[in-house]
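This report is meant for someone meeting the structure for the first time. Please look through the sequence and the model shown here before reading the sections that follow.

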Amino acid sequence: SELSLRNCGLQLPKGVLNNNNLEGLSRLTILDLSNNSLPATGSKGIAKLLSNSASRLSSLNLSGNRLTSASAKVILPALKGNNTLLHLDLSNNSLGEPAVPSIIDMLQQNSTLRTLDIMGNSSLKIRSGGQYDYSSYYAGGGWSSLTRKPVVPRGKLEIERKALFDTTSLQSITSSNHTCEVMMTNANVGDSHAKTIGKINSLENEGLKVRLKVVLAINSANKELYNASSFSDLPLELFPMLLELVQQTVVNDTALKCNLGRTSLRRIFDLISGYNLQLLFERGSGLRKVKVTNLLPAKKKPKKKRRKFGDEDDPDDGTFTAPMGCGGYARMVYVYDPDLGRHVWKMPSPAKPTRKSARTNN
């Protein structure tokens, strides 16, 4: 069943999230409480609803409720043991940096949530800084003295790197959250791959998600993983899938193609093709010195013979016709006609032929 109280001006939990109604709300599958007001006391009611083992709720919309980081710290821990909620909307609230640890902890322990929307929280950013510092300019230093403020990673980037896409090692990538599509931004900003990771986590095939993240990490996120020794700890069952991935187009999604296109897989192909395949599937000390080879050199295109003006074998000579007038356009000229005894507009005489063949024929 579904209940929508969207934009009703409610001061929750009054009349909705009190203890008497929690049992009835637990029978709902979709609950929309967006664009109301949810103070800290209402957050406790939501937490009780989510932690109820009898709850059937699969979609909860809390956008536009002026939720603070303190409220998020109450609601999100209740999702650690919840296995029914699939979609949670916390967009357009007042979440800030203090809510980041709770979001990370929830994503690390919850494997059933499919979408989490935290867009529109102005205090929750990917990075800050990078703007020009005009203090030196106003002090009389001139335009040449302008410098940029240092770029500082913020909460959303921390969520990405600790919960969704930990590129510390190949093992940490496989241990990241691959089930929840976290909507944080409309585009990748700076060093962040939040948009791409969201697209990857929205796919259905679990193995494909892991392989795509490994490819993205090696090519873009952590270049240090482009090292033969990095593959020594990679699970053996992942290697056949990785080899298969290198030989095919990754996905049909345009947003992923720009980051994981076929050309970017060249780095992995170079790396894997340099392995001794027998040592590839051995553990520990079995991985010895590996020589990384490059792809075969590209074939050089034969140079075309440069034709000179007026060559005898010029195929265009036979069909050449002289242009009318001066240049490429035929224009009327105002000239005196002795037969008529006055000036008239006439087409100009044809230009003299310029090609060797035309001069020979005439």
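## Cysteines

Cys180 is buried, having a relative accessible area of 1%, where buried means under 20% relative accessible area, exposed means over 50%, and partly exposed lies in between, as found with a 1.4 Å probe and protein chains only. Cys8, in contrast, counts as partly exposed at 43% relative accessibility. A disulfide is a covalent bond between the sulfur atoms of two cysteines. When a disulfide is taken as a pair of cysteine sulfur atoms within 2.5 Å, the count for this structure comes to 0.

Cys8 is placed in the loop between β1 (2–4) and α1 (19–25); here helices (H or I, at least four residues) and strands (E, at least two) are DSSP runs, numbered from the N terminus. Leaving aside residues up to four places away in sequence, Cys8 touches Asn35 and Asn36, a contact being heavy atoms within 4.5 Å. Between Cys8 and Asn36 the C-alpha distance is 6.3 Å, although the two residues are 28 apart in sequence.

## The model and the chain as a whole

This is a predicted model, in which local features need pLDDT of at least 70 and side-chain atom pairs count only at pLDDT 80 or more, while totals for chains, interfaces and linings use all residues. Residues are numbered from 1 along each chain as its sequence is written, and side-chain values use heavy atoms, with hydrogens and water left out.

The secondary structure of the chain comes to 14 helices and 12 strands, and 41% of the 362 residues count as buried. Among contacts between residues at least 6 apart in sequence, 70% join residues that are at least 24 apart. The chain exposes about 21,300 Å², of which carbon and sulfur atoms supply 51%; accessible areas come from the Shrake-Rupley method with a 1.4 Å probe, and for residues only the protein chains shown count as cover.

## Asparagines in loops

Asn65 lies in the loop between β3 (59–61) and α3, and it is buried, with a relative accessible area of 0%. The side chain of Asn65 reaches two backbone nitrogens, that of Asn36 at 3.1 Å and that of Ser37 at 3.2 Å. These are polar contacts, each a pair of N or O atoms within 3.5 Å; within protein, one atom must be able to donate a hydrogen and the other to accept it, and residues adjacent in sequence count only if both atoms are side-chain atoms.

Asn35 is found in the loop between β2 (30–32) and α2 (40–51), where it counts as partly exposed at 31% relative accessibility. Although Asn35 is not a glycine, its phi is positive, at about 60 degrees. Asn92, which sits in the loop between β4 (87–89) and α4, also has a positive phi, near 55 degrees.

Helix α4 spans residues 100–109, and its buried residues are Val100, Ser102, Ile103, Ile104, Met106 and Leu107. These buried residues pack against α3 (69–75), β5 (115–117), α6 (155–164) and β10 (181–183).

Thr185 lies in the loop between β10 and α8 (194–201), and at a relative accessible area of 17% it is buried. Its side chain reaches the backbone oxygen of Ala187 at 3.0 Å. Not counting residues up to four places away in sequence, Thr185 touches Met119, Ile126, Ala194 and Lys195.

## The hairpin of β11 and β12

Strands β11 and β12 pair in the antiparallel sense over 5 bridges, where pairing requires that DSSP finds at least two bridges between the strands. They form a hairpin with 4 residues between them, and Gly341 in the turn has a positive phi of about 75 degrees. Across the pairing, Tyr336 stands opposite His343 in β12.

A search of the whole structure finds 1 aromatic pair. Tyr334 and Trp345 form this pair, which is tilted, with 5.0 Å from centre to centre and 45 degrees between the planes. The pair joins Tyr334 in strand β11 (residues 333–337) to Trp345 in strand β12 (residues 342–346), 11 residues apart. Rings of Phe, Tyr and Trp (its six-membered ring) pair if their centres lie within 6.5 Å, and planes under 30 degrees apart count as stacked, over 60 as edge-to-face and the rest as tilted. Trp345 is exposed, with a relative accessible area of 56%.
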